[in-house]
Every structure is written in structure tokens, then in C-alpha cells.
Amino acid sequence: MTNPEIGVLMLGIFIVIILLGYPIAFTLIALAVGFGYYAMGDTVFPLLVQRTYGVMSNDVLISVPLFLFMGYIVERSNILERLFYTLQVAAKNIPASLAVAALATCAMFATATGIVGAVVTLMGLLAFPVMLKSGYDVKLSAGVITAGGCLGILIPPSIMLILYGATAGVSVVKLYAGALFPGFMLAGLYMIYVIGRTLINPKLAPKLPKEQTDVPFKKVFFMLMTSFFPLAFMIAAVLGAILFGLATPSEAAALGALGAIGLAFAYGRLNFTMMKESVFLTARTSAMVCWLFVGSWSFSSVFSILGGHEVVEHWFAAMQLSPIQFLILAQLIIFLLGWPLEWSEIIIIFVPIFLPLVKFYGIDPLFFGILVALNIQTSFLTPPMAMAAYYLKGIAPPNVSLTQIFAGCLPFVFMVIIAMVLLYTFPGIALWLPNVLY
Amino acid sequence: MQRFLLAIDSISVWVGKGFAWAVLLLTLTTSYDVFMRYVFRDPTAWGYDAAYILYGTLFIMAGAYTLSRNGHVRGDVLYRFMPVRWQAGIDLSLYFLFFFPAVIALMYAGFDFAKLSWIMKERSAASPDGPPLYHFKTLIPIAGFFLFLQGIAETIRCIIGVRTGQWPPRLHDVEELEKQILEEAREGKSGSEILGEMGIRDAEEVKK
């Protein structure tokens with residue numbers, strides 16, 4: 001066998017082992033060591049340790065534990081409850097007010113925490129029963145909670161874009177600037193969908209009885225000031241500091257974490273237990289993500305030394321795709337990868353394989369990254385592997401079936417696809433802000 | 001045997017949790033650095049180095065702790081549905097075929113890497129009078145050692161799993177919120193009970 005063929009073998013074994021379910025980080029390191037030893041003998045050891053140290057001293061990834069920490073603190077500070085009740089009364093005059101409030105709460109809380117599962121389960125307990133009790137359509141309510149909960153990995157400051165930036169060598173600042181409008185656009189499309197369907201068929205989301213929404217303006221204002229604005233201010237400050245170049249993403253993340261601690265204190269929820277829990281969970285999740293990087297960077301070094309990248313490029317070159325065909329194919333593959341894999345694995349392991357091709361076809365890696373970020377939304381929502389749907393099913397009342405939840409997710413998957421088509425047709429949605437700012 | 005397993009777990013957990021606090025330190029030092037820069041126009045010289053050293057220390061030393069919680073991500077589409085004996089059998093063979101060679105390579109390579117750094121008395125080049133880096137680099141073989149140790153415990157768990165068809169228990173620890181919530185829901189608790197335990201009022205109470 002020639003070296004490139006060995007490289008393909010390495011990729012093949014890797015895929016088989018993934019399917020067997022062995023921890024991916026160690027699979028990657030082991031394959032890198034084994035195949036690297038074959039390709040270059042003892043030199044593989046310094047290579048491995050250099051890649052490990054490369055992850056340890058990477059100044060982009062510093063923000064990963066910090067944003068996680070901020071997320072875990074916000075998650076435990078009880079802001080969700082206040083946020084939802086406030087937005088619920090604030091949105092009372094809008095059609096489908098509960099659904100719109102739930103969407104807005106999900107989007108905002110998810111943006112601050114970045115943890116899909118937590119948002120979906122918490123909102124599933126808090127907002128879902130309220131919506132059902134008010135006579136809202138089960139499918140519509142389920143779709144709102146699941147789709148809304150996933151927005152946090154797209155709308156900056158999201159961890160996914162940091163991982164993409166570290167993988168693709170694209171500036172995280174530019175990625176944040178690029179993802180801002182597409183993120184708002186998707187959230188907006190969700191709202192338009194919900195309001196639109198309710199206008200066509202008001203039975204889906206009956207108007208709330210007057211006494212439930214009859215809150216004096218002063219009270220609403222006070223509620224907004226104590227729940228919505230502090231969190232909105234925190235997110236805006238973190239994001240603004242990054243976008244206007246006042247602080248690096250990791251510095252802004254540190255300030256965000258400090259702000260989250262302050263917020264938890266203000267709500268009387270700061271105590272040693274929640275601090276401990278947040279610290280330990282941060283350590284575990286950071287270790288999971290960063291060891292995946294150690295594995296992936298070692299693996300892809302050996303893969304490219306063996307010449308595996310060229311083989312993949314030849315395959316694609318032989319297909320004679322136009323850039324747009326390539327783009328569609330790549331997004332389709334990532335869409336399919338979303339079934340067996342989680343987004344962190346797709347970004348850290350498979351994006352490096354696509355990147356040389358992205359450059360080959362003359363596509364801006366920044367633009368590609370935003371498309372991928374949108375695309376990954378679907379991996380949480382598309383049956384049969386839709387994680388968000390399973391989270392909701394786990395806590396929903398027993399008479400809500402998984403099929404109903406799946407059916408509720410699907411329209412939102414179409415909204416994501418519409419968003420991707422819009423983004424492709426008008427790349428300015430993503431590229432305008434980074435171009436203006438930098 | 002169970003005591004031996006839990007003893008190894010506690011070592012990994014203790015090390016991991018100890019270093020986990022680096023994130024709080026990282027939050028505070030980085031915020032202090034920004035504060036000094038904007039308020040006093042006097043940025044610290046050590047801010048940049050301190051940040052990546054704290055971050056790197058955090059994740060590399062939490063590797064074994066994460067392993068002890070079965071927290072390293074798996075592609076579990078098929079794995080999830082396999083009987084325990086299969087899971088344990090696959091894991092067992094791959095611990096020997098993949099995990100130990102990988103971790104031993106990391107220890108071996110990391111040792112040489114750290115030794116060289118100690119000999120050179122290497123310091124960071126990112127700032128004048130940069131902090132020494134040899135302690136930081138020594139963490140690679142040390143992290144490898146703790147992973148190796150935890151790997152032994154995991155291997156024994158697999159052997160027990162293959163034999164008995166059941167996974168031996170792990171130490172209790174904090175879990176992701178969604179896991180906690182789903183677990184409580186499975187135990188039959190109602191939504192408002194779960195929310196209540198977290199100190200969140202449900203809709204009925206708020207109305208009152």
C-alpha cells in the first residue's frame with residue numbers, strides 16, 4: 001500500500017471505531033501514534049507532545065472554560081423563571097404571546113448558557129405545561145421549546161464558533177460578527193412562523209384570559225428591569241466588547257463569568273454548592289472538548305503527512321463539482337453526520353477534512369463556518385436522532401408522544417433550511433458586519 | 001475490588017476537582033488584567049501567560065477525572081443500544097489496543113519534552129521576563145500518568161461488566177442539569193416538584 005492509501009485506511013478505522021462507541025479523543029490519539037509510528041518512526045512522539053502542548057497554550061481556546069463557567073452559573077441563578085414570566089406579560093398583546101415569549105426566553109437564555117439540553121429541559125418543565133394548559137397546540141409548543149433551545153449554539157457569544165475558529169484558523173471575532181445577523185434572522189423566522197400560523201389558525205394558540213395578562217404597565221416595567229435587562233446587558237456587554245475590539249474573546253468571557261457571578265449574587269442564589277457544581281462541570285466539559293482537540297490535531301497531522309488530504313481532494317476533484325454543488329454536498333454530509341455525532345465532534349474532527357476543499361473551491365471559510373453553524377441546528381431537531389426532542393420527551397407529560405414532538409420540530413427544520421438558502425443567496429447577511437467592522 | 005476501583009476514582013476526582021478551581025482563578029486574573037488596563041492604563045505583564053497556563057492546566061489535569069465520570073464523548077448511536085456485556089467487551093479490547101498505547105506514548109513523549117524544558121530552564125517568550133514554562137510542560141506526563149491509573153480502573157470495570165453483565169457503580173458526583181432533571185422525571189417526580197427542588201416556582205405559584 002502507498003502512504004495515501006494507508007491514510008485512507010486510518011480514516012476508515014477511525015469511522016468504524018466511532019461507530020463502536022469508544023471515547024473518541026483516545027481513539028484519535030492512538031491512531032495518530034500507531035499510524036504516525038509507521039509513517040515516520042520515533043518522530044511521532046515529539047509530534048504528539050507538540051500537538052498536546054499546542055492545545056494547552058492555544059489562546060483562542062482559553063475562552064472555552066470561561067464561557068462554559070458563565071453558562072453553568074447563569075443556568076443555576078434562577079434567571080430563567082423571572083425571564084419567562086416577564087416576557088410572557090410583556091408579550092401579552094402579540095398573537096401566540098406565550099409561544100413568542102417562550103421563544104424569546106429560550107433564545108436569550110440559550111445565548112447566555114450555550115447548553116442545549118439544560119435550556120430544553122428547564123423550559124420543558126417551566127413553559128411547556130403553561131402552554132398546554134392555555135390550550136396551545138402540542139406540536140407547536142413542542143417545536144417552540146426544542147427549536148428555541150438550540151439557538152444558543154448559533155447566536156454569539158457561542159462556544160461552537162470558538163471551536164470552529166480554533167479549528168479553521170478563522171478569527172473568532174469575525175465569526176461572531178458574521179453569525180450575529182444570521183442568528184437573529186433564524187430567531188426572527190421562528191417567530192414569524194409561529195405568529196403566522198396563529199394568524200391563519202387562531203385555535204393553535206388561543207388568546208390568554210384577560211385576568212392572566214392584566215398586569216399594570218409599571219409592574220411590567222419593573223419586571224423587565226430586574227430580569228430581562230440585566231441579562232440582556234450582560235450578553236450585550238460581552239459581545240460588544242468583543243465586536244468593538246475592546247477585549248479579546250477570552251477577556252470578554254472572563255468578564256461575562258464575573259458578571260454571571262454578580263447576577264447570581266443579586267438574585268440571592270450565589271452559594272458554595274452552586275459554585276462548586278459549576279466549577280466541576282466546567283472542568284469536565286472543558287477536558288472533554290480540549291482532549292478532543294489534542295486527538296484531532298494529532299490525528300490530522302499524521303493524516304496529512306500520510307497524504308490522506310490529497311486523496312480526499314482527488315475524490316472531490318474527480319466529481320467535477322461546481323462550488324455551489326460542493327457547498328450543497330458538504331452541507332448535506334454535515335447534516336447527515338449530525339445524526340450519529342454531536343456538534344462538537346463534527347466541528348473538531350470533520351471540519352478539518354473539509355477545510356482544504358473549502359479553500360480549493362474558493363469559498364470563504366468564514367462564510368462556510370456560518371453555514372455549518374446554521375446547519376448544526378438541524379442535527380438537534382431532525383428525527384430520528386433529534387436530541388432536543390428526546391430531552392423534551394423525557395420531562396413532558398406522558399400523553400405527549402415522541403411523534404408529536406418530532407412533528408413539532410419539522411417546521412422549524414424547514415425554517416433553518418430557508419435561513420441557509422437566504423444566507424447563500426444574500427451572503428451579505430453574514431459578511432456585511434465583519435466587513436464594516438474590520 | 002469495588003473499594004480498589006473507588007479508591008482510584010477518588011484519586012482522579014480529587015486531582016481533577018482540585019485543578020478545576022483554576023477556572024475561578026482564570027476568571028479573576030483575566031478580569032483583573034482588563035480592569036488594570038482600562039482603569040489604570042497599566043496592564044499586567046503576566047496576564048497573557050497566566051491565562052493560557054491556567055486554562056491548559058485545567059483541562060489537561062481534568063482528563064482523568066472526566067474519564068472517571070465516563071465523560072469523554074463517544075459516538076454512541078449503536079453503543080447505547082448494546083447489552084452491557086458487548087459494551088464492556090468492546091471497551092476492554094480497545095483499552096488495551098488504543099488507550100494504553102496512546103497514554104503511554106503521551107507519558108513517554110511528555111517526559112522527554114518536559115526534561116528538555118527543565119534543562120533549558122525555559123521561560124515564556126510572550127512577555128519580557130516571562131514566567132518559567134517547565135512546570136507547565138511537566139503536567140503532560142503527569143496527566144498521562146493519572147489517565148493511565150484511571151485506565152486501570154476502567155479496564156477492571158470492563159472485566160466486571162463482561163463477567164456479570166452489569167456496570168459496577170461509580171462515585172456520586174454533580175451531573176449536567178438536563179441529566180439530573182431527566183433522572184428525576186424518570187423516578188416519577190412531577191415537573192413542579194423538580195422545579196421546586198431547584199428553587200424555581202412554577203406557573204401556579206407565581207399567579208398567587
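This is a predicted model: local features need pLDDT of at least 70, side-chain atom pairs count only at pLDDT 80 or more; totals for chains, interfaces and linings use all residues.
Local features need pLDDT of at least 70 and side-chain atom pairs count only at pLDDT 80 or more, while totals for interfaces use all residues, and side-chain values use heavy atoms without hydrogens and water.

I looked up the contact (heavy atoms within 4.5 Å) and found that 82 residues of chain A and 78 residues of chain B take part. The buried area (accessible area, 1.4 Å probe, that two parts lose on being put together, summed over both) is about 7100 Å², and carbon and sulfur atoms give 75% of it. On the side of chain B, the residues that lose the most area to chain A are B:Tyr55, B:Val73 and B:Phe98, together 10% of what that side buries.

I then turned to salt bridges (a side-chain nitrogen of Lys or Arg within 4 Å of a carboxyl oxygen of Asp or Glu), of which the rule finds three across this interface. In one salt bridge, the side chain of A:Arg284 meets that of B:Asp173 at 3.4 Å, N to O. Helix α5 (residues 84-120) of chain B gives the largest share of the side of chain B that touches chain A, 13 residues, where helices are DSSP runs (H or I, at least four residues), numbered from the N terminus.

Conventions. Residues are numbered from 1 along each chain as its sequence is written. Chains are lettered from A and ligands numbered from 1 in the order in which they are written. Helices (H or I, at least four residues) and strands (E, at least two) are DSSP runs, numbered from the N terminus.
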